[in-house]
Structures are given as C-alpha cells and as structure tokens.
Amino acid sequence: MYTDKVMDHFSNPRNVGQIENPNVVVKVGDPGCGDAVLIFLKIDDNVITNVKYKVYGCGAAIATTSMASTMVEGKTLEEALEVTDEKVAEALGGLPDSKMHCSNLAATAIRAAVTRYLTPPEEGTAS
C-alpha cells in the first residue's frame, strides 16, 4: 500500500520539533480527518534556513510533512511556494488516492507559512 520512501519518512521523520525564535509559525488542519500541522520556519535572506514541525495525524500525514520539510529546507521562498501536494506525493513515490489529502496538508502548511512571512498581518489585527 505504501512505498518504501513513505515508510522511511513515517518511521524516521525528518525535522520534527520546533525552532527557537522562528520568523513564522503557522498551524494548518484538515477538519475532515483531524490531521494538523504546526510549522516553524527560520528565514534568512529570502532562504528557508531551518524548518521544523509538529504533526498530528496518520502515517501518511507524518511522512508527507517530513518529506515536504526536506524539500524546502535551503530553498528560496519562491521555490518553497512551488511545492504542491502532487510534488510531495511524487517525491515519496506516490500515495494511495485516499491519502492524497495528507500531502496537501503539508504543502498547504508550507505555502501558508511563506505567505504569512511575505505578507504579515497588520498590527492590531488578529493573525
């Protein structure tokens, strides 16, 4: 059902944790299945120099978030915005159709964090 890469990223997730003094923190969730990702980015000179996350979800959610984090670390913000659910799933060698929403969660979290960094909320408004 799952590829060896999916199983590897599930069993040995990369970049789990949180960053002290991140530039941006974003939480994204899927109310339909209950999965959620809290992502932390450290950005220097328009490059993601560190990415950490905490994920609550199934094995596919863990694997896709792990893979997505490795795909954007060291990349420019523009490159990170190009990460899609299809690219995450492809990097893992594919996912069952019923688990594609998991890769969407990871890609959505990264794009949301980069977008938040690029366009922070105005002071005095809820974030």
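Here is a walk through this structure, from its sheet to its helices and its core.

The model is predicted, so some care is built in: local features need pLDDT of at least 70, side-chain atom pairs count only at pLDDT 80 or more, and totals for chains, interfaces and linings use all residues. Residues are numbered from 1 along each chain as its sequence is written, and side-chain values use heavy atoms, with hydrogens and water left out.

Let us begin with the sheet. Three strands make an open sheet in the order β1-β2-β3, with antiparallel pairing. Strands here are DSSP runs of E with at least two residues, helices are runs of H or I with at least four, and both are numbered from the N terminus. Two strands count as paired if DSSP finds at least two bridges between them. In this sheet β1 and β3 stand at the edges with a single partner strand each, so one side of each has no neighbour in the sheet. From one strand to the next, the twist averages 20°.

Now look at the two pairings in turn. β1 and β2 run antiparallel and are joined by six bridges; Val28, for example, has Val37 in β2 as its bridge partner, and Val25 stands opposite Phe40 in β2. The two strands form a hairpin with six residues between them, and Gly34 in the turn has a positive phi of about 90°. β2 and β3 are also antiparallel, paired over nine bridges, with Lys54 in β3 as the bridge partner of Leu38. Their hairpin has two residues between the strands, and here Asp45 in the turn has a positive phi of about 50°.

Next comes α2, which lies across β2 and β3 and runs at about 175° to β3. Such angles run from 0 to 180 degrees between N-to-C directions, using axes that are lines fitted to C-alpha atoms, for helices over the stretch in contact. Eleven of the 14 residues of α2 are buried, so the helix is largely enclosed by the rest of the structure. Buried means under 20% relative accessible area, exposed over 50%, and partly exposed in between, with a 1.4 Å probe and protein chains only. Among the buried residues of α2 are Ile62, Met67 and Val72. After α2 comes Gly74, whose phi is positive, near 85°.

Another helix meets α2: the axes of α1 (residues 4–11) and α2 come within 8 Å and cross at roughly 90°. That makes α1 roughly perpendicular to α2, a label for angles of 65 to 115 degrees. On the α1 side, Val6, His9 and Phe10 make the contact, where contact means heavy atoms within 4.5 Å. Leu92, in the loop between α4 and α5, is in contact with residues including Val6, His9, Ala63 and Met67. Leu92 is buried, with a relative accessible area of 0%.

Finally, what holds the most contacts inside the largest nonpolar core? This core has 30 residues, and those with the most contacts inside it are Ile39, Leu41, Ile48 and Val72. A nonpolar core is a set of buried Ala, Val, Leu, Ile, Met, Phe, Trp, Tyr and Cys residues joined through side-chain atoms within 4.5 Å. Elements that each supply at least two of its residues include β1 (24–29), β2 (36–44), β3 (47–56) and α2 (59–72). The largest share, seven residues, comes from α5. Leaving aside neighbours within four places in sequence, Ile39 is in contact with residues including Val26, Val51 and Ala113.

Definitions and conventions:
Parallel < 35°, antiparallel > 145°, perpendicular 65-115°, else oblique.
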